[in-house]
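Trainee: I am new to this structure and would like to learn how its terms are applied. Could you take me through a few of them?

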Amino acid sequence: MEWGIGHLVAQYRACAAAGVEPFTEEVAASLVEVSARLGDEANGAEQLVIDDPVIVLDELCRALADIAGFFAECGRHEDELMARRLALGLHAGADPARHARYLSALAHPLAALGRTEEALDARREAFGTLCELAEQDSACWPEALAEAEAYGELLARDGDPATAVEVCRQAVDGLVPSAGPEEGRAERSLAQALLRMTRRSADAGFPAEALVLAQEAVVLLRRQGGPAEVADAVRAVGLRYEELNRWDEACAHLAEAADLFAGVAGAGGEPGIRLRYLQSLTDLSRAQVRLDGDTAVQTAQQCVALHRDLVREDEEHLPRLAAALVELHHRLTAAGLHVKAVYAAQEAAALYGRLHDQNPEWSTELARTHLHLGRRLSHIGRLEPAVEANGTAVELLRDDPGDRFELGLALKEFGTRLHELERFEESLAATAEAAGTFRAADELPALAATLYNLAITHNVAGHPAETVRSATEAVQIYQRLYDDDSDWAPGLYQSLGLLGAAFEHMDRFDQAITALERAVSLLERLCTPDSDGYAPDLARILHDLSRCHEQQDRLERALDHMRRSVSLYGELTQRDPDRFRGRLAGAWLSLGIYLGRLGQAEEARAATSLAADLYRQTTDRESLALALSQLASREHVLDRDEESVAARTEAIELYEECALEQPEYHGPNLARALEDLAAHHTRREEYAAALPLLERAADLWERLGDRGYLIGNLRRRLLVHCCLGQDAEDTLERLVDAQQDTEQTVRTLDAVVQELIRLDRQSPAEPLLARAFGLWEIHLLEHPAADPMVRLMLLDSRAALLARDERHSEAVTVQDETVRLLESFARDNPAGHLGFLTAARSRLAGHLYAAGRPADALDHQRQVVSGYERLAAGDPGEYRPALASALYELGRLLRDLGMADADAVLARAATLRLTLEGAGE
């Protein structure tokens, strides 16, 4: 490009050297510098010498304006600023209008260079000059209005929308005297000024004033303007109604604007009018969604179809078609047509992809569209494609050096999508990166929300410490935000609720209670008669708080909180049964547990029965089965055996249905339900009914590979076989194979023997105990250093069996061996064996008394009392009841032997028992 200003610069220098005013050497030097920055292009072709200095100045100003424009296009704003300053300086003190134009032009590079105050000064002076000129000559108002628009825009960008409004008001006030019905041009100018002012007023947060201004503009333009101008004004009125949430009026005016534009756009009409028509359709569909989603979709579809026509004429309109498809996606989403929304987003993404291939600057729009697509895919359950779409958005934004905040949002959402797929470690990585991005940008609200998500994923992934760490930081940030603005209360209480749940999972109940009580306090302030949208969260957190108090045995407080939760869920269920009925049932179920623990058996049964009835009205079969299992236990406590069996049987049937669909998940529930019913039959000595239930449960545990539960089941089966007098060899072999530890098998057999003794079934107990002794002897040959306490345990059981057979002397011999062995152990570790030795000696004293040897029993019983006194001194809650019993047995012995201190010992025993009863021990 050849500017050809070299000859002008030379002539300016010549005039400056000759002392011609206003030519100066300083300006000449600056002109030489501008020429140097342009390089060879500055000289251009040979030009004629201009004799008139005025023409030299005019030509230089024109050329400098062109050069400044060139520098602006190249982004060389420092050079642009220099050229525009020169042009301004060349006409210092000349024509005011021209001076104002040069001031206005100077504001551009100043603003681009971030020198906003200087740019505002330039705009202010230019606007003031043009207003003064317009007051003298109304023909100058169009130029003054244009400057008002530019000045107002700069003020708005600088965060001063109120002053921007005043600038527009000044222009409007200046126009009013010259505008009348007979002054069509002035009226139209006034209408345009009013429309500019309505936009500024809306931006400044004065929508009602903006509406009045727009309505005034409509009145003027209906009188003097063309259809397109009227359409613009009517559209402005519609937008103001939209800002005021007056949707009926908004839709009416936006529809009128669209009709007016349609009348002048036409096929092949002026592109600008057609684009304004399409924008009015977009506005209309956005407002219509508040009233009628289907109508909004139809309008958006019409808009897309018209954009397709434009693209067929000129592919330059592809970006607008892509944007229209994104808008259609939004309308379809609002109407619940998520599958169609996916297709709209996919087409938009394809178009933005084509644009991105040609120009990487489209990466942000392409990324945003992939995020929209990911959300819709996730909503319809296509989780893998949703993750892929979101991942594409993240990579696009990583490569874009622009706004890191948008990358953080995409990463946060990516973490959510990965969480939905249970890819927790990847989710944690993405969410942690999002948190780091927001932390670096000091974006506290976004950081707090991301930390909350991070804590949720840590919680699900089984990382309790990390859950507490992330939730704690989220609480701290939300607290800072809340201290400045109470509108952050929802984020704070949600984070406190999550923190409380994390503490609960770590059995840190006091800290959990502290966090949850803070959450409840916030929610109680938010839940007002006029705003009960927080009631579901309050009910839920009260439920959690109640559970934590129960874990700390604060049952009365737990009961109070749960009653409040039940009451809230009851009110919510009346309004929305389908949503809240299950939660109400869960609250009643928990209430039943607390009432049961407090000994209120009838109330506990009623609460649990109500929970079951509520669950029957839902599709939650698993929860109904759980409620029925608990109801069976409540019925059993009240000796309502028939009802108990019926509830357990129904629970099993439900678990069977669930296990068919999800055997790995519901199989354990079915097995436990079968064992619960078997336990019920066992308690009633209905062993034949219990056995098949236990066999079914054992098969389930074996298929599930749960060795621990299988061992427990086989132990119960062994007991039932023995009680039925059946051969238990197969069950015993399975038990040995399952435990794969002889010592544990011996302990299990001894436990079954003890249970048989309790049931007064000595006959099957004797061979089982003999089998246990045999296994232990074999084990000792292979492991001589095995735990000697196992043999003592077996001796203790043998002594108990002999005593049940009234072979008391033999029982004394066996028990005495047990005591002597324990005495030898106690010499090496007195504290560690005192409890075992004292209990064994107590049983020896009993066997001696039963064998008719009360005098021999007396010495042992005195040692029993001494032992429990020492133990109770260290742990009163554990050992004082045993001490009371030991004192009573000692007093009884003393009385039988006619000893004088019997009454004192019995009185001491009675006093201790009364003390224990008063303390509830």
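Mentor: Let's begin with packing: the buried residues of α39 pack against α37 (789–804), α38 (808–828) and α40 (854–874). Contact here means heavy atoms within 4.5 Å. The model is a predicted one, in which local features need pLDDT of at least 70 and side-chain atom pairs count only at pLDDT 80 or more, while totals for chains, interfaces and linings use all residues. Residues are numbered from 1 along each chain as its sequence is written, and side-chain values use heavy atoms, leaving out hydrogens and water.

Trainee: Which residues of α39 are buried?

Mentor: Among them are His833, Leu834, Leu837 and Thr838. Buried means under 20% relative accessible area, exposed over 50%, and partly exposed in between (1.4 Å probe, protein chains only).

Trainee: Where is the kink in α39 centred?

Mentor: On Phe836, with a kink of about 30°. The bend at a residue is the angle between axes fitted to the seven residues ending there and the seven starting there.

Trainee: Why is the pair Arg308 and Glu347 called a salt bridge?

Mentor: A salt bridge is a side-chain nitrogen of Lys or Arg within 4 Å of a carboxyl oxygen of Asp or Glu. Arg308 and Glu347 have N to O at 2.6 Å, so the pair meets that definition. Arg308 lies in helix α14 (residues 293–313) and Glu347 in helix α16 (residues 338–358), so the pair ties together parts 39 residues apart in sequence.

Trainee: What makes Arg308 partly exposed?

Mentor: Its relative accessibility is 29%, which falls between the buried and exposed limits, so Arg308 counts as partly exposed. Glu347 also counts as partly exposed, at 29%.

Trainee: How many salt bridges does the structure hold?

Mentor: It holds 73 salt bridges.

How values were computed:
Helices (H or I, at least four residues) and strands (E, at least two) are DSSP runs, numbered from the N terminus.
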